[in-house]
Structures are given as structure tokens and as C-alpha cells.
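Reader: I have the model open. Can you walk me through the strands and what packs on them?

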Amino acid sequence: MTQAPHTTGAPTTAPLLQVTDLVREYTLPREHLFRPPGKVHALNGVNFSIAAGRSLGIVGESGSGKSTLARLVMALDAPTSGTVELLGRNLHQLPAEQLRQARRDFQMVFQDPYGSLDPRQTVERIVTEPLQAQGQTTRAEQREQAAQVLSQVGLRTNDLGKYPHEFSGGQRQRIAIARALITRPRLIVADEPVSALDVSVQAQVLNLMQDLQQQFGITYMLISHDLAVVNHLCDEVVVLYQGRIVERGSPGELFRNAQHPYTQSLVGAVPQVQPGRARARRAAAAAATAKTA
């Protein structure tokens with residue numbers, strides 16, 4: 001893959017993605033004629049960066065601002081203030097045509113593999129959609145690239161003519177990942193990419209994302225409420241609470257030694273497997289059964 005542009009001399013240390021003082025306010029419907037409408041602060045001064053080839057996890061409960069952050073990074077919504085810079089470009093200041101061309105460098109994998117794929121379109125049409133938007137390749141080139149990325153995500157070339165309903169949930173998410181990969185992006189924003197899948201299939205999709213990162217040097221911004229998913233894929237984690245980052249660190253240190261009460265509550269909510277306690281319960285049940293026999 002191509003590397004981030006840099007000046008002659010010492011190699012650049014600039015991050016691939018830089019988010020600075022990001023604020024997003026939403027105005028509520030007016031409830032009183034003589035009072036100004038209220039506001040919701042979905043994001044309130046968020047700062048972070050991601051180096052090329054690394055993975056950052058964004059964790060938090062529903063309503064913490066995760067999906068708003070994803071939309072702003074993808075330039076699908078405009079911030080109230082602050083900047084999102086990818087490869088040194090402020091995405092929200094680019095003219096429409098330049099932004100359209102810049103989208104080849106950043107793609108998104110959505111949460112629902114059933115709702116994110118148009119059921120009326122073939123896999124070929126779905127996967128080549130980003131290339132069609134770029135308008136720089138022929139139909140034959142698009143088909144060739146679609147066949148290539150399908151193979152890279154573990155599907156077959158003859159799947160190009162099929163429709164989404166012919167695939168399982170895990171296969172549909174592989175199609176969604178193929179669609180994100182086809183422009184060879186530098187950054188993939190994945191918003192709860194495995195939450196709608198069975199646990200056994202989640203591991204397959206996460207391992208696929210990890211393999212693709214190693215193969216192509218992809219940078220991930222992974223949004224999730226599942227700490228196990230983040231721990232599997234991410235190099236660093238930030239905890240989002242009421243639109244603010246309250247803690248950050250590597251998954252290991254953050255989950256072992258959480259400092260902020262909110263992070264502690266997230267870690268405490270993860271079910272823990274305790275074989276010793278389970279064995280004790282089974283032994284007690286067996287003893288009770290033997291006593292009554």
C-alpha cells in the first residue's frame with residue numbers, strides 16, 4: 001500500500017488520523033415559545049490520534065457519543081467545532097469533489113450486516129459501489145478488483161452474482177468488509193462490526209480483520225461496547241463517557257487497572273468465568289443429591 005506523504009529528510013511522525021477539540025451539539029425541539037431551545041452535547045472536546053497501521057478502540061455505553069464520533073470522522077456529519085484530519089487534510093474543509101476523492105482513503109464497516117447491504121443489489125454491485133463513486137475505473141476493472149477482495153475475505157468469485165439473502169450473517173459482514181477494502185483505504189472505521197453476529201462468528205470476523213491489517217497495513221478505529229472485542233483487536237483504547245474521553249491506555253493496563261469510576265463499572269459489567277466456583281456449585285449439588293437418594 002502507498003505510504004502517507006512526507007517531506008524529504010527525517011521520516012514523518014505525524015499520525016494518520018488526528019482528532020482535535022471535537023464538539024458536536026444538537027439543538028432540541030423548542031418546547032416553549034419564549035425560551036430558546038435546549039441543546040444536547042453529544043461530543044464535548046474530544047482529542048485523540050491514531051498512527052498508521054495501528055488500531056484504536058472507542059468504548060462506552062449507548063449514548064456516550066460513539067456513533068456521533070464515527071459519523072464525524074467519516075465526514076457524514078459536520079462538527080460544531082474542532083477538526084478531523086486524515087493524512088494532514090481537514091476533512092470538513094475539503095470541497096465536495098475533493099472530499100469525494102479523499103474517501104478512497106477512509107471507509108466504514110457498519111454494525112448491521114443485514115441492514116447495511118441493499119437486498120436488491122448483487123454482491124458485485126455492492127462491493128464495487130465505492131469504485132463507482134470514484135468514477136476512475138472501468139466496469140471490467142471494477143469486477144476484477146471485486147473478485148480479488150472477495151477472495152481476500154474468504155469468499156468465492158462466483159459469489160459476485162448472488163444477493164445478500166443467500167449468505168449467512170458472518171458472510172454478509174465479510175461482504176461489507178470487502179466493500180470497505182476495495183479502494184485500499186488507509187483507515188477503516190468499524191462501528192460495532194460484530195455485535196449482530198453469533199459469538200462463534202464474531203471470532204472469525206475479528207481474526208479476518210486482524211489478518212487484513214497485517215497484510216495491508218490498515219488502520220482501524222473500532223467502536224464497540226464489548227471490551228472483549230476491543231481487547232482482541234486494538235492497540236489502544238479510549239473510554240468515552242457523556243461525550244468526553246475519561247480514560248485511555250492499552251487494553252491490558254486499562255482493563256486490569258482502570259482508574260476512572262466509569263471505566264471500572266464497564267469492566268465490572270463483563271461476565272467472568274470462574275471455574276472454581278462452578279466446580280464448587282456442582283460438588284454441592286451432587287452431595288445434596290446423594291444425601292436425598
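Author: This is a predicted model. Six strands make an open sheet in the order S6-S7-S8-S3-S9-S10, and the pairing is mixed.

Reader: Which strands are at the edge there?

Author: Strand S6 (106–109) and strand S10 (244–249). Each of them pairs on one side only.

Reader: How are neighbouring strands turned against each other?

Author: By 20° on average in this sheet, with direction ignored.

Reader: And S3 with S9, parallel or antiparallel?

Author: Parallel. Strand S3 (residues 55–59) is joined to strand S9 (residues 236–241) by 4 bridges. Leu56 has Glu236 in S9 as its bridge partner.

Reader: Now helices. What does H6 touch?

Author: Helix H6 (residues 169–181) packs on the sheet and touches S6 and S7. The direction of H6 makes about 170° with that of S6.

Reader: And where does H1 lie?

Author: Across S3, S6, strand S7 (187–191), strand S8 (219–224) and S9. H1 runs at about 150° to S8.

Reader: Next topic. What is the strand order in the sheet of 4 strands?

Author: S2-S1-S4-S5, an open sheet with antiparallel pairing.

Reader: Why is one side of S2 and of S5 left without a neighbour?

Author: Strand S2 (39–50) and strand S5 (89–90) stand at the edges. Each has a single partner strand, so one side stays without a neighbour in the sheet.

Reader: How many bridges between S4 and S5?

Author: Strand S4 (residues 81–86) pairs with S5 over 2 bridges, in the antiparallel sense. Leu86 stands opposite Arg89 in S5.

Reader: What packs on this sheet?

Author: Helix H1 (residues 66–73), touching strand S1 (17–27), S2 and S4. The direction of H1 makes about 120° with that of S1.

Notes:
Residues numbered from 1 in each chain as written. Predicted model: local features only at pLDDT ≥ 70, side-chain atom pairs only at ≥ 80, totals over all residues. Heavy atoms only, no water. Pairing = 2+ DSSP bridges. Contact = heavy atoms within 4.5 Å. Axes fitted to C-alpha atoms, helices over the stretch in contact; angles between N-to-C directions.
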